[in-house]
Amino acid sequence: MEGSAVTLTRTESPAAKSGWLNLSPINQRRLENFKANRRGYWSFWIFLVLFILSLFAEFIANDRPILVRFKGEFYAPVFQNYPEDVFLGEEGFLPTTDYKIIEITEAIAEHGWAIWPPVRYSYRTVNTEIPEPAPAKPSWLYDKEARCANYAEGVNDPACIIGNWNWLGTDDQARDVLARSIYGFRVSVLFGLILTAFSAVIGVAAGAVQGYFGGWVDLLFQRFIEIWSSMPVLYILLILAAVLPPGFWVLLGIMLLFTWVGFVGVVRAEFLRARNFEYVNAARALGVGDVAIMFRHLLPNAMVATLTFLPFILNGSITTLTSLDFLGLGLPPGSASLGEMMSQGRNNLQAPWLGLSGFFVISLMLSLLIFIGEATRDAFDPRKTFK
Amino acid sequence: MSDPILKIRDLSVAFSQGGKTNLAVDHVSFEISKGETVALVGESGSGKSVSALSILKLLPYPAASHPSGTILFKGEDLLDNDEEDLRRVRGDDITMIFQEPMTSLNPLHSIERQIGEILQVHRGMSDSEARKRVLELLHQVGIKEPERRLGAYPHQLSGGQRQRVMIAMSLANDPELLIADEPTTALDVTVQAQILELLAELQRERDMAMLFITHDLSVVRKISDRVCVMQAGRIVEQGPTKEIFDNPQEAYTRKLLEAEPSGSPPKTDESAPVVMKGDDIKVWFPIKRGLMRRTVDHVKAVDGISVKVREGQTLGVVGESGSGKTTLGLALVRLISSEGQIRFEDKQIDQYSFRQMRPMRDAVQVVFQDPFGSLSPRMSVADIVEEGLKIHAAELTAEERDERVVRALQEVGLDAESRHRYPHEFSGGQRQRIAIARAIVLNPRFIMLDEPTSALDMSVQAQVVDLLRDLQKRHNLAYMFISHDLKVVRALANEVIVMRNGEVVEHGPAKQIFDDPQTDYTRALMAAAFNLETAPEGVVSQ
């Protein structure tokens, strides 16, 4: 048995050196295991594509063109605000240009061209041309006549084109649901990732200190954590959110107060187990300091448990954000938020596209993350073998 | 000789992992008759245990498979049997004793339940019948006051007693074949002698067949009638024990026979400067009881021991497990706290804090027992060896460090290229060399060697001993060598301390201790280590 392990790694080592990632054999095996879980592997790629696309949401769903050529010059409204007089000359007086009004579109069409994003709405753009009072149905549910009814020139209006469709309808403030979903996905994932990263750093550090030093440090810290984690988190969140000004970072900070606790248990257990390993004693005998031992010798042991835990914390924080938004206590009004969309869906049962869009985006996001998490966990399981 | 009860013909065992197949046992044939003991000898990884485990089909199927061979037990091919039939044979006709008595007993079951279980499974005995039989068995395997031991749990027994319980379990149903897989490797020499004697006696009484697996040739010589020498999955030589030992035919067998640690320590020099000196060292662990956790008593792990280690010389510390050898060593290198004066060269270090000790750690080094545990599995060999340099020679550039790592690896007989590999790619002996390189690279003055050869194969032990002696001569190192293996100590030590229960039993020049031991305890240790003889009752632990 021993022999087989040796032959296996020997044949693998050269590959490791030529590859773009210089992975140790054990990590190569983990990567193989991760790939072998087809569902998790595909989820990972789908999620990655969606996430990267959503990072460039301004180029996909926006109420201003990506690039404008006007009178021989280039303008990039995505990045920069241009006052109206750039395009309208003396007639323009507003400090920001609304690229959707007829004067501007005509001026641009006359003196150059504009490249629009596929969806011509941002998450806060109010669509004034919807065919019926908001919330309006998805555009493809109307015939052309009805769809263009509210445009100035009806069916012949140059603005009544597919780029101006509301693919998933609008919400009760006439904002495009698709654009809000894209931006909402981005906010949720970013929120989850940042929160998870911060909680991991704090939780791992706290768990490491407790496990490594043990004794009184451990005892006192554990009692503190017991009290801390028995607080009714949601109520405290509600109270704090009501007192503090709402905002992305405030919310993140408040939630961080509670999520880091999740990591402490696993990391502490790993450190308690590993601190008396012989190679840790050997390092002590070399005169290696406590911090170095914790980082170099013990942390790698705890990383497996932590990595296994990460995706589930990520999901948990996204869900909490969504539920706070649903209750109206999360991000400030007007932000792109999936929770708010769900809440609108509840208030407008006659407009099922609101609730359904919110539901599908959230469940797609959470399922992908859970599948990835599952695959990661399996990949780190030393006993698991895949055929 | 009567008809063999177990006939193994052309047995092969293959393991497949990740699409690769690896032949662990390659066309092995041997047989065992009633009342005969056959020993399977070889280094670790030679396939002895795998061959034995396949007799009862205890391998991890389907990862393991048998490309060829038959195992005929009383005319029946065990390899063809299904699980149901095998369960009838296991624990009834053929039983097994494993190496590690710590883990082969269930820690949550009392002795009575452990032994009673297999009586109830195979014989359908009632509780009271089983109890009677368990008492009888415990008596036979030499456990004193068996009535009081019935309710005991494994952790309340010593290693030797646990192995006796294992033997009682395996004898419960009067098996026809007993497979003993390194049953004494994890035990102290004195206990090993007792267990071997017990096994031999029980086998004679019952006319049982026994398959004995070991890497220790002195055990083979003591117990077996016939020997099969295994190397890399093949039996290279088999025959009656006496013939093999007196007239080995194969080169490999000869190599094994010559592998005993040999040579003599460097010349004793009473005038050499003292490097490490401990005076009246005490390590007491408090026993706390009651609500207020008052200290009611102490476990005296080391109780007032004085030692002196001279430059270029070796102090051997011997004793059974639990005698406080390692604790003494750890106290001297200040890895645990102790009382009593400790001087290293001209500094008195017993009051130094861990931080104060740090600048001196390069001069005082430790090599641990278990080469599998003492190397961090996630660091490459280069990272492991240079870790100390980063602390004690921080002024070195990366190239200079690398150069010193290469030099240290070459010094311990390893290829310089191996520094880019990870510990799991190396064998036990190579790993111990890496651990020694890690200590050597810092140019230490004193090395505490805590049983550095105990986890290694006999032939590898000899190599490591030679290496240590060679390094000592070249760098004029002071060694404190802790071991329960007297053969190794004899090959290295100038001066020996014999310890028991935290106290010194005998102390003197190595030659005197080995040639003319003064106390019964030392004599018992010698007898057990060199002749596998048991001592009169009461001299050593059970």
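1. Let me begin with helix H6 (residues 159-171) of chain B, which lies across E7 and strand E8 (177-181) of chain B. H6(B) runs at about 175° to E7(B). Helices (H or I, at least four residues) and strands (E, at least two) are DSSP runs, numbered from the N terminus. Axes are lines fitted to C-alpha atoms, for helices over the stretch in contact, and angles run from 0 to 180 degrees between N-to-C directions.

2. A word on provenance: this is a predicted model, in which local features need pLDDT of at least 70 and side-chain atom pairs count only at pLDDT 80 or more, while totals for chains, interfaces and linings use all residues. Residues are numbered from 1 along each chain as its sequence is written, and chains are lettered from A and ligands numbered from 1 in the order in which they are written.

3. Now the sheet in chain B: six strands form an open, mixed sheet in the order E7-E8-E9-E3-E10-E11. At its edges are strand E7 (94-97) and strand E11 (234-240) of chain B, each pairing on one side only. Two strands pair if DSSP finds at least two bridges between them. Neighbouring strands are turned by 15° against each other on average, direction ignored.

4. Within that order, strand E3 (residues 37-41) and strand E9 (residues 209-214) of chain B are parallel partners over five bridges. Val41(B) is found opposite Thr214(B) in E9(B).

5. Among the residues making the contact are Phe213(A) of H8(A) and Phe221(A) of H9(A); contact requires C-beta atoms, placed from the backbone, within 7 Å.

6. Which residues are buried in helix H13 (residues 381-392) of chain B? They are Val381(B), Ile384(B), Val385(B), Glu386(B), Glu387(B), Gly388(B) and Leu389(B). A residue is buried if 20 or more other C-beta atoms lie within 10 Å of its own, exposed if 12 or fewer, and partly exposed in between; C-beta atoms are placed from the backbone. Their cover includes helix H13 (278-285) of chain A, along with helix H14 (398-411) and helix H15 (428-440) of chain B.

7. Finally, chain B as a whole has 19 helices and 21 strands. Buried residues make up 47% of its 542 residues.

How values were computed:
Contact = placed C-beta atoms within 7 Å.
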